[in-house]
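Welcome, and please take a moment to look over the model below. We will walk through it together, one topic at a time.

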Amino acid sequence: MRYLTGFVLFFILSLTSCRNDDNDMIIDLSGQWQFMTDTADVGVAGQWFNLALAEEVQLPGSMTQNGKGTPPSLSTQWTGSIYDSSWFFNPATAPYRKPDSLKFPFWLTPDLYYTGAAWYQKTIEIPESWEGRPVMLFLERPHWETTVWVDSIMLGMQNSLSTPHRYFLPANLAQGEHRLTIRVDNRIKEINPGPDSHSLTDHSQGNWNGLVGDLKLMALSPLLISNVKIYPDIESKEVRLVYSLLNAGSSIEEGVLKVSANSFNTVKTQKLPEIEVPVKTNPGVNTLEVIYPMGDDIALWGEFQPALYRLMSRLKLVDGPVASHEDTFGMRSFSTDSTRFVINGRPVFLRGTVDCAAFPLTGYPPTSVSDWKAYFSRLKAYGVNHVRFHSWCPPQAAFSAADELGLYLQVEGPFWTNHGTAVGYGLPVDQYIGDECRRILDEYGNHPSFVMFAYGNEPAGRYQIEFLDSLVNVWKAYDNRRLYAHASIGQSWPLAPSNEFIVRAGARGLPWGHRPQSEFDYGTKIAPFQVPYVAHEMGQFCVFPDFSEIPQYTGVMKPRNFEMFRQELIRKKMGDQAHDFLMASGKFQVLCYKQEIEASLRTPGNGGMQLLGIADFPGQGSAIVGVANVFAQPKAYVAPADFKHFFDATVPLSRFSKFVFTNNDTLDVQLEVAHFGPQVLKEVIPHWRITNAAGEVWQEGDLPTTDVTWGNTVLGRLSLPLESLKMAVSLHLQLQIGDFVNGWDFWVYPQSLPESVDTSVYIAHEWDQTTRDILNNGGKVLLLAAGKVEHGKDVKQYFRPVFWNTSWFKMRPPHTLGILCDPTHPALADFPTQYHSNMQWWELLQRQQVMNVDSFPADFKPIVQPIDTWFLNRKLALIFEARVGNGKLMVCSSDIENHLQDRPAARQMRYSLLRYMQSEQFEPALEIGFNLIDDLFIDRAHQAVDFHTNDSPDELKPKL
């Protein structure tokens, strides 16, 4: 045992879970409170703590939950960056007019809103049995600045956004009734964490006012355990315990400290011996260090076996009461080995998602372990083993839930200070950042799930980096139980030299400006760095809104954004296609996530990734980027178990040089596996199988028996001639390694297609008089419109979905979410496809023109329909058919004419369309006038809408 003392006055207000054996020593303050808003901020000067407040609320809770505040309006001063979401609607010209419904921001909004001071008041009664004991007021999660009075005595002000607020009542407070008054102020004042920080922005949890979580008074022992820091050492099989003991009296106190521990969630429960330590304390805060042996058979905490221990500390005075302290901890070591993370000596790959503090039902984070376990379990179903809390720190319950479930947490301070906040210049926010980060480390540092820490999100500027770099060095010296980085940042932003890991945007993205393949990885991106690299906010691939989730918003936050988007879709006569748009865009979104995730897993030495995200982000223009909704509930187009096939501890992988082949090619694919499971896989026999769209097996076989160690293992190559496949076919390669399965679609087309002798179809390259005459005379016309479209040329289509959304990023391309088609339509009979974008569509979609057919009849449905950004909901077409005049017309705005020898999918589409048009099946159902076709090719004034892009028709050609 090592013993030393010290007195740290500020530590009195940073107590953790001190307890008493007697439940009579706690008074629960939940229930009815008196209340008053202070809109004019006159309460302090008016001494409202001496008045009886007139209104009532229920606590814990927020003002919004209690029906307090005012309805939001166009003049509401929201917290967070506010972009003018009406800029892309041109009210002078349809269809770009702003609908009357667009009166709210494009994010979830509450029914009632308030920023400012609000006062909460309750009569408390101090029992006679509490005489001589320190009494502490515990407020688990205020939002956010509190000032407290007992009667007319001010106890102080606290402003942590991350940790409980604790106040000591006056030592000489008499027994009996007293008036407890708490002023809560949720305005951003001289200390600015950044208005977009998820700790307080209205884009996520909301800048609410109130008190949630535990609210209680606690009578404490005169000599109490205010804090225990637990430092596990798995090599020496012991823990170092650093006790902070508070002697609230004026004389030296002596006693004995009894320490014991037991495991409680393992198959075999361990009860470890109790040790006793004599204690002698001076008045104030004393530090005591104890080494506690854990025995020879320690259970380790980690992703696959999150073994936990309960530490019981009982402090008994010679002639006084007993104070106890209970902590949960895990025996684990989280470190690095070059560019890999290591848990207990085994490599780990972080499969992360970003949590942005979105809680639509309450508008604030839950404080119960059961709520967090339910939420985390939904994330784990997708394969998640890691959660980054973007610019906020969750309550205690989140850490406890993650401890039990074996999740690795990256916690951040409540800061995102790159928007108008000066950091590193010696202003008050600098001190606040240092204090708040230390509060987080003190409050939650014992949790084994708390493995990574950063100041917050995306700081900017040289002084900020220098300031934060110095903080990282302070944290490393202060508490070595986790890894530290200065912040989560974008690709071009400077790094802090002291970082122990990197969260950076460089090692992400899809190279789909060129023909899709899966041989690429991010090795060159991570090569310059010597510490683990975690991909920052990977993905951000959008999907069309799921309007069926609107009824789930039964709490304080309302989906007026979704209601506006739905109303606009209905106004554009496409309300009946909402579910189809969701499903088709969702399948494309999953394809993009799969390709990006697998590239990250293929990268040797990679540290991990953080998706943004598994769940939607409801703010910043409505970022519908999740495969789950904002409640972390699955969306209809992908089940969590299917997503987990490529987002798991063990993932079979492939390296395709391309996904579109011709039958004179040889399929040549390298097969691999990324393995980060609990142990090495011994003597596995990888099995591969290739099936067609009907599920019939074309070829299958085994790869050589091998041991699969941690990291990346090459299993072998698959080389198969494709000459036996005479018809266009969609195939699926499946690779199975034990219980782990993954698969990839690919396509094989004939190298040579039969020459048609049918001359019944006129192939037109211009919408001119000749084309009109042929239609008037009852002819059949295939109009090749690539590069010639005027009405629709402002829509920028790429073979990838919208990034984040087109409002927040000012219509930055792409503008579309993939395509919707009917694969059973006879026009596609010779072009094997699903109803959504897949790899073979790249040749037909990448930088190809679309046609805006808004003015066509409401019941008009294109054969291939690009899905527009949900802010505009323009009806778009890539391929459509119609009866025009006395003839039949097929129009294709994708290039199916040039470089066809290098573009087998485009060649096959041309063949399929012509075969259909030459058949008796070519009978378009809808008749339209020549004027509607005119509109597609005539540059009319009402189409002049600036979408801030430099793309031109000359740039439409895909890069082969």
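Which residues lie nearest the centre of the largest cavity? They are T64, P110, L112, N207 and W208, among the 18 residues that line this cavity. A cavity here is a set of points, on a 1 Å grid over the protein atoms alone, where a 1.4 Å probe fits but cannot get out, whereas a pocket is an open set with protein on both sides within 12 Å along at least five of seven lines; lining residues have an atom within 4 Å of a point.

Before going further, a word on where the values come from. This is a predicted model, in which local features need pLDDT of at least 70 and side-chain atom pairs count only at pLDDT 80 or more, while totals for chains, interfaces and linings use all residues. Residues are numbered from 1 along each chain as its sequence is written, and side-chain values use heavy atoms, with hydrogens and water left out.

The structure holds seven cavities of 30 Å³ or more, and the largest cavity has a volume of about 150 Å³. A volume is the space filled by probe spheres set on the grid points, which are joined across faces, edges and corners. The lining of the largest cavity is made up of eight nonpolar, eight polar and two charged residues. In this scheme Ala, Val, Leu, Ile, Met, Phe, Trp, Tyr, Cys and Pro count as nonpolar, Asp, Glu, Lys and Arg as charged, and the others, Gly among them, as polar.

Now turn to the largest pocket, which holds about 960 Å³ of space. Its lining has 36 residues, and H732, G743, D745, Q834 and N838 lie nearest the centre. Among the elements that give two or more residues to this lining are helix 7 (578–602), strand 43 (729–737) and strand 44 (740–749). Helices (H or I, at least four residues) and strands (E, at least two) are DSSP runs, numbered from the N terminus. Strand 44 provides the largest share of the pocket lining, with six residues. By class, the lining of the largest pocket divides into 17 nonpolar, 15 polar and four charged residues.

Next come the aromatic rings. Rings of Phe, Tyr and Trp (its six-membered ring) pair if their centres lie within 6.5 Å; planes under 30 degrees apart count as stacked, over 60 as edge-to-face and the rest as tilted. The count by this rule is 60 aromatic pairs. Take W78 and Y113: their ring centres are 4.7 Å apart and their planes stand at 50°, so this pair is tilted. W78 lies in the loop between strand 6 (61–62) and strand 7 (109–110), and Y113 in the loop between strand 7 and strand 8 (117–126), so the pair ties together parts that are 35 residues apart in sequence. Are these two residues buried or exposed? W78 is buried at 12% relative accessible area, and Y113 is buried at 9%. Buried means under 20%, exposed over 50%, and partly exposed in between (1.4 Å probe, protein chains only).

A second pair is made by F399 and F450, whose ring centres are 5.5 Å apart with planes at 55°, so it is tilted. F399 belongs to helix 2 (residues 396–405) and F450 to strand 28 (residues 450–456), 51 residues apart. F399 is buried at 0% relative accessibility, and F450 is buried with a value of 0%.

Let us finish with some strands. Strand 22 (residues 334–337) and strand 23 (residues 340–343) run antiparallel and are joined by four bridges; two strands pair if DSSP finds at least two bridges between them. These two strands form a hairpin with two residues between them, and S338 in the turn has a positive phi of about 60°. Within strand 23, R340 and V342 point one way, F341 and I343 point the other way, and all are buried. Strand 23 is also joined to strand 24 (residues 346–348) by three bridges, again antiparallel. In that hairpin N344 takes a positive phi near 55°.
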